[in-house]
Amino acid sequence: MKKLLFTLLVLILCIGCTSQENSQDFIKKTEGRYLFNANEVIEIYYKENILHAKWRGNDDIKLLKVDDSSFYMKELNEKMIFINQPKMHIELAEKTEHKGVKYHFEKMKGGEKTAMEYFKDKEYAKSLETFKSIQQKDSLNPTIRQRRINRLGYTYIRNQDYNAALEIFKINTILYPNSSNTFDSLGEAYFLKKDTLNAIANFKKALSINPENRNSKRFLKKLNTK
């Protein structure tokens, strides 16, 4: 506790002695969106040359300038450091809560979005491309977990957004083409859309992968007795 209080005191003293305005060159280099993880973004912007951020539900965080490259985020108790090499990115200063772990934000290109941002904007092809890119770089990334994507699809179904459910299930079948469950879920979405032919095709695909898929058997029986 004493160490934390001392650190905060030093930060406050540094902030008090530092002009909070930033140069136009620094603003040009740093303003924009940064990718913290595959599906989380922090946005850096400026008001009257003073740095602000949007992150984790906080839409207007005023960052306190410690020095020319370091800023303190009081709301989340994080110190952010802008680093220009090898390319512009942000690192979080190490603290007790994440001692030994380095967190950094890669700067995104203009117009670039996360996989789910593309999806919510109905840019499904770009969403799929981004999901596939994540999978190629890190097959264990939580963002592309089969169960996580499947749960999202059923959330859309509960909200009666069958089009979105259909599209996210399609993505899951492409990411996991050997999964009976992904095709079973896609079959359900087609069933709810009253697209019988595609529903049957996907339930049959699910059963070709796993002949014991009870849900697909049940739906096929229902569809074939109509």
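Start by selecting W55: its relative accessibility is 3%, so it counts as buried (buried means under 20% relative accessible area, exposed over 50%, partly exposed in between, with a 1.4 Å probe and protein chains only). Before you click on, know that this is a predicted model, where local features need pLDDT of at least 70, side-chain atom pairs count only at pLDDT 80 or more, and totals for chains, interfaces and linings use all residues. Residues are numbered from 1 along each chain as its sequence is written, and side-chain values use heavy atoms, with hydrogens and water left out.

Rings of Phe, Tyr and Trp (its six-membered ring) pair if their centres lie within 6.5 Å; planes under 30 degrees apart count as stacked, over 60 as edge-to-face and the rest as tilted. W55 belongs to strand β3 (residues 50-55) and F105 to strand β9, so the pair links distant parts of the chain, 50 residues apart. Helices (H or I, at least four residues) and strands (E, at least two) are DSSP runs, numbered from the N terminus.

How many aromatic pairs does this rule give? The count comes to 13. For another one, pick F36 and Y103: their ring centres are 5.7 Å apart and the planes are at 35 degrees, so they are tilted. F36 is buried at 15% relative accessibility, while Y103 is partly exposed at 31%. Then select F26, Y34, F71 and F82, a cluster linked by ring pairs.

Next stop: helices. Show α5 (residues 146-158) and α6 (residues 162-175), which pack at about 165 degrees with axes 7 Å apart. Axes are lines fitted to C-alpha atoms, for helices over the stretch in contact, and angles run from 0 to 180 degrees between N-to-C directions. The two are therefore roughly antiparallel (over 145 degrees; under 35 is roughly parallel, 65 to 115 roughly perpendicular, the rest oblique). Among the residues that meet here are I149 and L152 in α5, and I168 and F169 in α6 (contact means heavy atoms within 4.5 Å).

Finish with α7 (residues 180-192) and α9 (residues 214-224), packed at about 30 degrees with axes 10 Å apart. These helices are therefore roughly parallel. Select D184, E188 and F191 in α7, which meet N215, S216, F219, K222 and L223 in α9.
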